[in-house]
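This report looks at aromatic contacts and at one helix. The sequence and the model come first.

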Amino acid sequence: MSILFISDLHLHQSRPQITRAFFHFLHTQATQAKALYILGDFFDAWIGDDDDAELPQQVADELFALNQQGVAIYFQHGNRDFLLGEGYATKAGMALISESTIIDLYGTPTLLLHGDTLCTADKDYQQFRSMVRSPQWQQQILSQPLAARRALAKQLRDKSQSMNSMKAEDIMDVTPDEVVTQMAQANVTRLIHGHTHRPARHALSINGAPAERIVLGDWHSHGWCIKASIDNCELISWPIE
């Protein structure tokens, strides 16, 4: 059986075609898998586990049904859904994993990241990330009414889009030295991440050994996943209708 990895679906009520494509993926490819890893930015924004909107409930129901079929589901926070907590994870049949997780992927130690911690050249974002990941900031936000949190989420999305449009392309991508540093510290020869929306396979060297960085794509015009088995590790895409 295979192990699947996805990231950067950015599920939102304004993009129903992506939700439909994801549900189709669950009903077809994912049912044949041993495990599914969701590596962040699964939702375009997350305002708290108490969100009563229809989309999060539908997604939770679909994921829980998959888990009940025997597929283990793991969730890693991204920069858009870092507030997703144990309450929603339990409802969706998912296990939360840390922002830097090492797994044994059919004999190959593999580091899993969302990918934003690799973009160290983006100083403004790293400062913002440090602020919003603090327990104090999160507690302050989650104590606000749902309506206020929805307004804040929209404000942050709009600000992010505006700022990103003015940043140089290399700033938006990973810092190569940081990739090597994190892989070396983790003592791995394979890294899987998303975040940059630049799907590719990159060969590199870690401590003198051949290594690889595999980048997942975002679900915009295509769906993307990594399908790993005992014999192979594929980066796969397909068109979204």
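The model is predicted.

Now the rings. The count comes to 15 aromatic pairs. Two of them are set out below.

| Pair | Geometry | Centre to centre | Angle between planes |
|---|---|---|---|
| Phe5 and Tyr37 | stacked | 5.1 Å | 15° |
| Phe82 and Trp137 | tilted | 6.2 Å | 50° |

Phe5 and Tyr37 link distant parts of the chain. Phe5 sits in strand 1 (residues 2–6), Tyr37 in strand 2 (residues 33–38), and 32 residues separate them. Both Phe5 and Tyr37 are buried.

Phe82 and Trp137 also link distant parts of the chain, 55 residues apart. Trp137 belongs to helix 5, while Phe82 lies in the loop between strand 3 (72–76) and helix 3 (86–91). Is Phe82 buried or exposed? Phe82 is buried, because its relative accessible area is 12% and the cut-off is under 20%.

Ring pairs also build a cluster. Its members are Phe22, Phe23, Phe25, Phe42, Phe43, Trp46, Phe75, Tyr88, Trp219 and Trp238.

Methods: Residues are numbered from 1 along each chain as its sequence is written. This is a predicted model: local features need pLDDT of at least 70, side-chain atom pairs count only at pLDDT 80 or more; totals for chains, interfaces and linings use all residues. Side-chain values use heavy atoms; hydrogens and water are left out. Rings of Phe, Tyr and Trp (its six-membered ring) pair if their centres lie within 6.5 Å; planes under 30 degrees apart count as stacked, over 60 as edge-to-face and the rest as tilted. Helices (H or I, at least four residues) and strands (E, at least two) are DSSP runs, numbered from the N terminus. Buried means under 20% relative accessible area, exposed over 50%, partly exposed in between (1.4 Å probe, protein chains only).
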